[in-house]
Amino acid sequence: MILILLFQASENISMSKTLLCDGHNLAFRAFYGIRELSRSDGFPTNMIHGWLRSFWRLEDDLQPREICVFFDKGGCPSREALLPEYKANRGAPPEGFCEQLSWVKRLTEALGYFWHEVEGMEADDLIASAVRRKSSRSQEILIVSSDKDLAQLVDENVCQLLPPPTANPKLGWRVLDVRGVAEKFGVPPSGILDYLAIIGDQSDNIPGLRGVGPKTAVKWLEEFGDLEKLIANAGRLKPKRFCSLVYEQRELLRLNRKLIRLQDEIEFEMGEGNPINMDLLKEILLEMEMTNSWEEAKRRYG
């Protein structure tokens with residue numbers, strides 16, 4: 001079910017030993033969550049502050065065995081080859097974001113978390129590959145990201161933790177299990193690929209079928225089961241005006257499915273992080289003039 005998490009222990013998350021975190025997703029959230037914060041020389045520090053506070057809260061309230069963070073790097077040539085307009089709507093990062101990102105990665109290392117990035121790969125694909133590897137070890141996993149395409153990874157051992165929306169932080173953190181995915185989207189995790197292929201994914205600039213919204217997509221998948229059966233029964237669709245559209249756009253639907261499907265076969269060394277590096281943590285926090293955070297770090301980690 002969808003649990004509104006007020007950061008108190010619950011049965012659904014108390015067993016989640018491993019956090020797999022979408023680095024860029026959380027970095028943007030940290031960037032926009034705190035604004036107008038900078039060092040005395042004007043260097044922005046809002047994202048660094050937000051990142052540290054977010055992860056300290058995750059540590060305190062979820063008490064995970066390990067935290068792994070994955071970052072995008074260099075776009076995604078394989079998807080761009082299929083759709084040149086893929087993510088072309090995003091534009092350049094906001095001023096101050098890139099300057100802080102390298103510090104966020106150093107801070108992540110100082111905190112002892114495992115972090116990883118691969119040239120030409122998206123964080124979501126690295127998370128999918130980590131899920132495949134970790135699931136084979138029967139580990140409980142919590143994916144931390146607001147990206148809806150990650151819902152395709154949810155199963156009996158994998159949940160998704162959605163951060164509070166920047167526009168509505170009072171909504172709180174929400175945990176999606178298998179039932180929660182169905183409640184939120186109208187389809188189970190196994191149907192997320194087909195569902196998003198039909199309606200598209202605006203955040204990634206993936207076009208869906210014009211005029212077809214979530215309710216219609218859910219209705220079709222409930223009736224026909226999956227995307228290929230939907231295409232095969234295009235002539236039986238209701239409303240009737242969509243019959244020819246689905247048949248004529250069948251290759252678009254199949255392309256969308258390829259774009260949205262996460263790659264889970266990326267091979268990389270999956271470390272479990274290191275002890276907290278207090279020397280590096282001190283260097284970062286004092287250089288960023290985050291003296292209060294350094295005092296708190298000393299209290300937390302001794």
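Guide: This is a predicted model, in which local features need pLDDT of at least 70 and side-chain atom pairs count only at pLDDT 80 or more, while totals for chains, interfaces and linings use all residues. Residues are numbered from 1 along each chain as its sequence is written, and side-chain values use heavy atoms, with hydrogens and water left out.

Guide: Start with strand β5, residues 141-144. Ile141 and Ile143 point one way, Leu142 and Val144 the other way, and all are buried.

Visitor: What makes a residue buried, and what makes a run of residues a strand?

Guide: Buried means under 20% relative accessible area, exposed means over 50%, and partly exposed lies in between, with a 1.4 Å probe and protein chains only. Helices (H or I, at least four residues) and strands (E, at least two) are DSSP runs, numbered from the N terminus.

Visitor: How do you know that β2 and β5 pair?

Guide: Two strands pair if DSSP finds at least two bridges between them. Strand β2 (residues 18-22) is joined to β5 by 4 bridges, and the two run parallel, so they pair by that rule. Leu20 stands opposite Ile143, and Leu19 stands opposite Leu142.

Visitor: Why is β2 called mostly covered?

Guide: 5 of its 5 residues are buried. Thr18, Leu20 and Asp22 are on one side, and Leu19 and Cys21 on the other.

Visitor: Why is Met290 called buried?

Guide: Its relative accessibility is 1%, and the limit is under 20%, so Met290 counts as buried. Met290 is found in the loop between α13 (278-287) and α14 (291-301). Beyond its neighbours within four places in sequence, Met290 is in contact (heavy atoms within 4.5 Å) with Ile48, His49, Leu52 and Leu285. Arg39 is 251 residues from Met290 in sequence, yet the two are 8.6 Å apart in space, C-alpha to C-alpha.

Visitor: What makes an open space a pocket?

Guide: On a 1 Å grid over the protein atoms alone, a pocket is an open set of points where a 1.4 Å probe fits, with protein on both sides within 12 Å along at least five of seven lines. Lining residues have an atom within 4 Å of a point. The largest pocket has a volume of about 1,100 Å³, counted as the space filled by probe spheres set on the points, which are joined across faces, edges and corners. Of its 41 lining residues, the closest to the centre are His24, Asn25, Phe28, Arg90 and Asp147.

Visitor: Which element gives the most to that lining?

Guide: α2 does, with 5 residues.
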